[in-house]
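Q: Hi, could you walk me through this one? I'm new to it, so please take it slowly.
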Amino acid sequence: MALRSIRGVYTNSSDLERREEMSLASALSGVCLANAGLGMAHGFAAGLGALYDIPHGKACAILLPYAMQYNRDVSLEKLARIGKFLTPGDELTLEELANRVIYEVEALTREFNIPSDLKTLPIQTEEIPLLAKMSMGNSMSGNPREITVEKAEAILRELL
C-alpha cells in the first residue's frame, strides 16, 4: 500500500486518496513494528539522532536500502513475499523477488533525493566508535542478521 501510494503523495500532496492510503500504511506499519521489532536502519538512526540531531525519518530513509541489502540473504522469503505484491503473476525466483523490493526502495530514495550514504551528514569519523555504541540499543537487537559493535563501526565507515 505504501509503495503504491507514496509517489502520488510526494508528487501531489493534495491527492487525498493517496494520503489516506499512506496514513493507513503508516498506522499498520506502526502496529507491525511494535510487534515484530525494529532493526539496523532504526538502530543507526537512534544513534545518529542522539549524537548529531539528525531527524529519525531522514536517517531511516538513508539507511533502509542498505539495511535491506545487508539483511537480504537471511530475510529472503520475507522480502520475496513483498516482491510478489509488486510483480503479481510474474514467475520470479525468491532472489529476484527480494531484489525487486530492494530495487524499488532504492528507486524511491533516488526519486525523493534522499542521500544514498552518510557522506552528506555532519558525522565526524573519530566519533564512529561512539556512534556505533549509541546505535546498539533495542532496535538493533531486532535486526535479522546479527550486528556487533565492531560490525556497526565497519558499516558506518563504509557509508561515510
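Q: By class, what residues does the lining of the largest pocket have?
A: The lining has 29 nonpolar, eleven polar and three charged residues, where Ala, Val, Leu, Ile, Met, Phe, Trp, Tyr, Cys and Pro count as nonpolar, Asp, Glu, Lys and Arg as charged, and the others, Gly among them, as polar. Before going on, please note that this is a predicted model, in which local features need pLDDT of at least 70 and side-chain atom pairs count only at pLDDT 80 or more, while totals for chains, interfaces and linings use all residues. Residues are numbered from 1 along each chain as its sequence is written, and side-chain values use heavy atoms, with hydrogens and water left out.

Q: What volume does that largest pocket have?
A: Its volume is about 2100 Å³. Of the 43 residues lining the largest pocket, Ser29, Leu64, Met68, Ile82 and Val105 are the closest to its centre. A pocket here is an open set of points on a 1 Å grid over the protein atoms alone where a 1.4 Å probe fits, with protein on both sides within 12 Å along at least five of seven lines, and lining residues have an atom within 4 Å of a point. The volume is the space filled by probe spheres set on the points, which are joined across faces, edges and corners.

Q: And which helices supply at least two residues each of that lining?
A: Those are helix H1 (2-11), helix H2 (16-36), helix H3 (40-52), helix H4 (56-71), H5 and helix H6 (94-111).

Q: How many helices and strands are there in the chain?
A: The protein chain has nine helices and zero strands, taken as DSSP runs numbered from the N terminus (helices are H or I with at least four residues, strands are E with at least two).

Q: Switching topic, is Phe85 buried or exposed?
A: Phe85, which is placed in helix H5 (residues 76-86), is exposed because its relative accessible area is 74%; buried means under 20%, exposed over 50%, and partly exposed in between, with a 1.4 Å probe and protein chains only.

Q: What about Lys133, buried or exposed?
A: Lys133 sits in helix H7 (residues 128-134) and is exposed, with a relative accessible area of 57%. Lys133 and Gly47 are 86 residues apart in sequence, yet their C-alpha atoms are 7.9 Å apart in space.

Q: Last one: what lies over the face of Tyr70?
A: Arg145 does, at 3.9 Å from the ring centre; for such a contact, NZ of Lys or CZ of Arg must be within 6 Å of the ring centre and within 35 degrees of the ring normal.
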